[in-house]
Amino acid sequence: MSAGKRGALIIFEGCDRSGKTTQSRLLVKHLKSKGLSVLAMNFPERSSSIGQVINSYLTNSKDLPDEVIHLMFSANRWEHMNQVKQQLLEGTTLVVDRYSYSGVAYSAAKGLDFDWCYAPERGLLKPDAVFYLRAPAADDLANRGQYGEERYEKVEFQGRVAKVFDKICSKEASYWHQLDASQSVDDLHAQVAGIAEELLPKVANQPIDKL
Ligand code: DGP
Ligand code: NA
Ligand code: NA
């Protein structure tokens, strides 16, 4: 990519098992096949010391107050922001599996105040696009593989998470793309790829915003 052109920050959001991981992998592969510089990322990023605490929490080997784990998820994003910014400025597009919106949705679903949940996310880099993979009903996702192994993977809780994502989606409609997670992998990918291909040249000369 030519000097001065930045990459795009593209996020996948949605409930557990909504297909984010599959779709983000397919998008990375697709953009690479076009000769673009692109990297995959995943939050929580479990390898850092904060990430290891989050992993222990998610696998139920550690308990923490809701507020404390909320701030740790946020800190896990903050600890990677310099690297993310650097890569974007170098012209690399980042395809990220979950971001601040999961932070808000999962904690607000527990009953924490929405604005309180959003506060520590302010100042993080603002995505250029969010693909929200929305399932028509939360129990559709429960039938997919491995559901139920980690802390949040319960139908009733996921339903509450979905409601918060819906609320954020209607507020942030300018850069959120709500997509039907129940369609085929190929159909979903075709939609995602189309939107991403249009987005990349548009943002290449735009400044990076903050949340
Ligand atoms: P994943 O590795 O994408 O399956 O995410 C693991 C779980 O953690 C999943 O149930 C969603 C949840 N999660 C992801 N990010 C956050 C966050 O920032 N805050 C909270 N409370 N949960 C999150
Ligand atoms: Na999960
Ligand atoms: Na993830």
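These legends go with a set of close-up views of a predicted model.

**View 1. The whole protein chain, with its confidence scores.** Residues are numbered from 1 along each chain as its sequence is written, chains are lettered from A and ligands numbered from 1 in the order in which they are written, and side-chain values use heavy atoms, with hydrogens and water left out. Since this is a predicted model, local features need pLDDT of at least 70 and side-chain atom pairs count only at pLDDT 80 or more, while totals for chains, interfaces and linings use all residues. The mean pLDDT (the predictor's confidence in each residue, from 0 to 100) is 94 for the protein chain, and 94% of its residues reach 70 or more. For the complex, the predictor gives an ipTM of 0.95 and a pTM of 0.95.

**View 2. The fold, element by element.** You'll find nine helices and five strands here (DSSP runs numbered from the N terminus: H or I of at least four residues for helices, E of at least two for strands). Along the sequence they go β-α-β-α-α-α-β-α-α-β-α-α-β-α. The radius of gyration, taken over C-alpha atoms, is 17 Å, close to the 17 Å from the globule rule (2.2 Å times the number of residues to the power 0.38) for 211 residues, so the protein chain is as compact as a globular protein of that length. Its C-alpha trace spans about 50 × 35 × 30 Å along the principal axes.

**View 3. The sodium ion (ligand 3) and its protein donors.** Asn42 (OD1), Phe43 (O) and Asp97 (O) lie 2.2 to 3.1 Å from the ion. Donors here are N, O and S atoms within 2.8 Å of the metal (3.2 Å for Na, K and Ca); water is not among the atoms, so the site may look incomplete. Their spacing along the chain reads N-F-x53-D. Phe43 sits in the loop between β2 (38-42) and α2 (49-58) and Asp97 in strand β3 (residues 93-97), so the pair ties together parts that are 54 residues apart in sequence. Both Phe43 and Asp97 are buried (under 20% relative accessible area, 1.4 Å probe, protein chains only).

**View 4. Tyr99 and the largest nonpolar core.** A nonpolar core is a set of buried Ala, Val, Leu, Ile, Met, Phe, Trp, Tyr and Cys residues joined through side-chain atoms within 4.5 Å. Of the 43 residues in the largest one, Leu9, Tyr99, Tyr101 and Trp176 touch the most other members. Helix α8 (residues 155-171) gives the most to this core, with seven residues.

Key
Buried means under 20% relative accessible area, exposed over 50%, partly exposed in between (1.4 Å probe, protein chains only).
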